[in-house]
Amino acid sequence: MLVVRPAGPGDLDSLLELAILSGPGFTSLPEDPDQLSERLDLSRDSFGGRIEAQERWYTLMLEESDTGDVDGVGSVKAAVGLNRPFFSFRVVNNTQSSPSLGIRLDQKTLVLVNECTGWSEVGSLFLKADRRKGGAGRLLSQSRYMLIGAEPDLFADTVLAELRGVFTPDGACPFWDHVAHKFFPMDFEEADRMTGSTDKQFILDLAPRHPVYVELLPEPARAVIGKVHPQGIPAMALLESEGFRPNGLIDIFDAGPTVTCRRDDIRTVRDARVLTVRIVDQPDAELPALISTTSVSGFRAVRQKAAIDGDHAHIDRETAAALKVRDGETIRVKS
């Protein structure tokens with residue numbers, strides 16, 4: 001059975017393997033054991049409630065319960081931009097006209113902004129290639145919203161997600177090569193690493209202080225603004241199915257889009273019900289449901305059959321064991 005569970009320090013080897021497999025541009029999964037180790041310590045302390053709510057970064061692992069193999073990762077940051085700025089480019093539409101000439105021009109510019117301070121972020125969604133079918137990706141993605149819905153007050157009213165921008169098959173990034181690299185004279189990997197490991201002062205020091213006119217950029221750069229990496233298209237579809245929509249912000253390095261949704265409008269947060277567990281031999285249900293625990297500290301999620309009867313959910317013993325719940329306790333269920 002596939003189970004989504006909290007990540008901790010013991011997951012370093014698995015998380016490093018996933019980081020290596022994720023490839024370039026996946027800022028939240030650096031191929032750096034020290035950074036990943038710090039992140040796993042932070043995840044442990046976040047789930048344990050040992051740090052302030054807004055400083056928490058919850059990391060989730062997708063595990064095959066029979067083998068213990070870890071096949072995917074996802075995360076929820078309680079708040080972004082508080083200790084370090086959260087920079088983006090805003091795509092701004094400008095209209096210029098000359099009535100005497102009868103000319104009207106619609107121009108787009110990129111403006112450096114820091115607009116998302118305090119918002120929560122879902123991210124780091126990555127699965128091994130052989131796990132990208134059969135609903136594993138949807139389980140891992142939706143588990144993040146079940147985590148938010150378990151204790152909504154721990155999270156912001158607005159939730160965002162950043163999607164990786166376009167890279168060519170050989171690993172080149174058109175927006176970086178033609179635009180961002182002109183302001184940040186370093187390798188993409190170095191800028192990516194510094195984004196995750198420094199206070200981002202280098203961005204404030206070097207980023208363009210004036211609007212960048214999109215029409216003046218080379219065509220390869222213009223073509224990828226706000227576009228999603230091919231591997232990110234399924235993730236984008238999952239986000240859209242939950243109610244997320246682009247908000248006009250893009251990543252300053254790869255031009256990938258940012259999408260947002262009000263926390264309480266996220267479909268899984270809104271539709272999941274809190275029900276009382278009844279453990280049975282065989283639940284009378286045709287289709288599996290998304291099921292999770294009702295607290296952040298002991299969070300676990302699965303997709304298994306649950307028969308709904310009023311305020312009760314009938315689940316089998318294997319499902320109860322995977323969730324670590326007993327008869328009479330509560331779970332959250334989204335059919």
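**Exercise 1.** Which helix gives the most to the lining of the second largest pocket, and with how many residues?

*Solution.* The model is predicted, so that local features need pLDDT of at least 70 and side-chain atom pairs count only at pLDDT 80 or more, while totals for chains, interfaces and linings use all residues. Residues are numbered from 1 along each chain as its sequence is written, and side-chain values use heavy atoms, with hydrogens and water left out.

Begin with the terms: on a 1 Å grid over the protein atoms alone, a pocket is an open set of points where a 1.4 Å probe fits, with protein on both sides within 12 Å along at least five of seven lines, and lining residues have an atom within 4 Å of a point. Helices are DSSP runs (H or I, at least four residues), numbered from the N terminus. The answer is helix 5 (residues 188-197), which contributes 4 residues.

**Exercise 2.** Describe the second largest pocket by its volume and its lining.

*Solution.* The space in this pocket is about 240 Å³, a volume being the space filled by probe spheres set on the points. Its lining has 13 residues, and nearest the centre lie Leu29, Pro30, Glu31, Glu189 and Asp192. By class, the lining holds 6 nonpolar, 2 polar and 5 charged residues, where Ala, Val, Leu, Ile, Met, Phe, Trp, Tyr, Cys and Pro count as nonpolar, Asp, Glu, Lys and Arg as charged, and the others as polar.

**Exercise 3.** Determine how helix 1 packs with helix 2.

*Solution.* Take the axes as lines fitted to C-alpha atoms over the stretch in contact, with angles from 0 to 180 degrees between N-to-C directions. For helix 1 (residues 12-22) and helix 2 (residues 33-47), the angle is about 125 degrees and the axes are 10 Å apart. The two helices are therefore oblique to each other, since angles under 35 degrees count as roughly parallel, over 145 as roughly antiparallel, 65 to 115 as roughly perpendicular and the rest as oblique.

Next, list the residues in contact (heavy atoms within 4.5 Å): Leu12, Leu15, Leu16 and Ala19 of helix 1 meet Pro33, Leu36, Ser37 and Leu40 of helix 2. These comprise 7 nonpolar residues, 1 polar and no charged.
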